[in-house]
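Please consider the sequence and the model together while reading. The account below moves from the backbone to the side chains.

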Amino acid sequence: MEYQYHIFSPYRVCPLGAHVDHQHGLVTGFAIDKGVDLYFDVNDSQKSKVEGQRSWPENHVHLESRTFEGTVDFDIDAPTQVREHHWGDYARGAKYALQKRFELRRGITGVIQGSLPVGGLSSSAAVLIAYVMAFAKANDITLQPFEVVKIASEAEREYIGLNNGLLDQACIALGKKDGLLFLDCDSNDWRIIKRNPEMPEFEIGIFFSGLTRSLVNSDYNLRVYECKTAAWNMLAYMDQPLKTFDKTFLRDIPKATFEKTRIAMPARFARRAEHFYSEYRRVRQGVTAWETGNMKLFGKLSFDSCESSIHNYECGSPELIAIYEIMRRLPGVYGGRFSGAGFKGACIALVDPAYKEEIQKVLTEKYLEQFPEYEKTFQVFWVKPDDGARFVEV
């Protein structure tokens with residue numbers, strides 16, 4: 001079946017700026033050339049009568065998936081119901097966030113599919129952005145790219161239940177194939193830093209551990225609360241006024257305050273704060289490295305970010321840590337880290353294309369020596385930076 005519209009919403013990778021967006025930190029990222037495709041028609045009762053086609057009511061949403069089983073049906077003008085813990089929740093979440101701002105009258109009929117396994121590339125954010133753009137199109141709503149970012153992020157926080165920042169959605173909506181996204185999650189200022197002509201060629205390796213994961217059911221939200229608790233500790237020890245938890249962020253507290261108070265707080269909270277402040281510094285250094293074309297330094301900072309994720313943020317399954325330890329020693333790997341939240345999922349690496357085949361061969365052999373149970377599910381993909389979510393000519 002042919003559809004009138006096609007949206008491509010890319011997955012994303014974040015080489016620097018891990019686990020800090022929810023604390024209003026600094027982040028970097030790429031959209032990549034793999035992602036989610038949503039094909040759809042706008043439901044229009046009058047048009048369907050003229051063409052004599054079987055149709056859904058104008059206000060209805062009917063979705064099918066080439067990745068997951070079952071269909072999704074709901075009315076776009078009805079109040080959003082509670083989550084059903086089903087892939088259709090993302091469409092309902094997009095409706096929920098849009099409905100807070102606009103009147104929605106027309107639904108869509110469509111099919112959605114993903115191009116890579118789920119895990120570590122923010123497929124959920126890619127799907128949400130595709131639905132937000134589709135429902136806006138159906139209802140003649142014009143959204144600027146950063147409005148799409150905020151609406152999709154709100155849907156994930158308030159409806160799906162993941163206490164994320166703006167990193168994922170920003171990479172997916174704003175990314176450009178010839179540059180690095182740099183976003184300040186406090187001010188929401190962002191820019192695309194063009195590739196320096198002196199920078200060597202690179203591709204992005206994505207190494208799926210074979211495990212899938214759900215962030216809502218992982219320790220992701222717990223880590224967010226631990227960061228906020230570290231901030232509360234610092235404010236309390238310095239006899240500063242406390243804000244409500246939802247308005248408490250590590251970004252608002254100077255690093256000097258952390259240095260004065262870290263010894264007084266429980267070690268786990270100090271480690272979470274240490275990750276935040278050190279990652280802030282790494283992103284600053286990384287932006288300079290990118291601007292000057294220094295891929296060797298940029299890659300090293302990405303490795304350092306992963307070390308901090310393991311030891312300070314304490315994420316990473318044994319499988320992911322094994323992939324990281326193998327890849328960091330391979331020739332041709334500039335740098336890399338866990339992708340996404342670092343609970344199961346995947347690792348990413350910035351790689352010299354000349355070494356791709358050898359990297360894939362050696363990493364696969366060494367990983368499966370340790371984890372032979374993933375022989376059928378471990379996968380390697382090679383991707384490149386791409387432009388952000390967009391309508392594709394049908």
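The model is a predicted one, in which local features require pLDDT of at least 70 and side-chain atom pairs pLDDT 80 or more, while totals for chains, interfaces and linings use all residues. Residues are numbered from 1 along each chain as its sequence is written, and side-chain values use heavy atoms, with hydrogens and water left out.

Helices (H or I, at least four residues) and strands (E, at least two) are DSSP runs, numbered from the N terminus. Helix H3 covers residues 123-138, a run of 16 residues. From first C-alpha to last, H3 reaches 23 Å, close to the expected 22 Å; the expected span is 1.5 Å times one less than the number of residues. Of the 16 residues in H3, 15 are buried, where buried means under 20% relative accessible area, exposed over 50% and partly exposed in between, with a 1.4 Å probe and protein chains only. In general, an α-helix has 3.6 residues a turn, so residues three or four places apart point the same way. After H3 comes Asp 140, with a positive phi near 55°.

Positive phi values also occur at two histidines. His 24, which is not a glycine, has a phi of about 65° and belongs to the loop between strand S1 (5-13) and strand S2 (26-42). His 85 has a phi near 55° and lies in the loop between strand S4 (71-75) and helix H2 (89-99). His 85 counts as exposed because its relative accessibility is 65%.

Aromatic side chains form the next topic. Rings of Phe, Tyr and Trp (its six-membered ring) pair if their centres lie within 6.5 Å; planes under 30 degrees apart count as stacked, over 60 as edge-to-face and the rest as tilted. The count by this rule is 22 aromatic pairs. In one of them, Phe 208 and Phe 381 have ring centres 5.9 Å apart and planes at 85°, so the pair is edge-to-face. This pair links distant parts of the chain, 173 residues apart: Phe 208 is in strand S8 (residues 203-208) and Phe 381 in strand S11 (residues 379-383). Phe 208 is buried, at 3% relative accessibility. Phe 276 and Tyr 277 are likewise edge-to-face, because their ring centres are 5.2 Å apart and their planes at 85°. Phe 276 is buried at 3%, and Tyr 277 is buried at 6%. Ring pairs also join Phe 30, Phe 202, Trp 290 and Phe 298 into a cluster.

Charged side chains meet rings as well. A charge sits over a ring if NZ of Lys or CZ of Arg is within 6 Å of the ring centre and within 35 degrees of the ring normal. Lys 137 has its charged end over the ring of Phe 391, 5.6 Å from the centre. Arg 328 is placed over the ring of Phe 303, at 5.7 Å.

Gly 110, in strand S5 (residues 108-114), is buried with a relative accessible area of 2%. Not counting residues up to four places away in sequence, Gly 110 touches Tyr 3, Tyr 39, Phe 40, His 62, Leu 63 and Glu 64, contact meaning heavy atoms within 4.5 Å. Asn 221, in helix H6 (residues 220-237), is buried at 13% relative accessibility.
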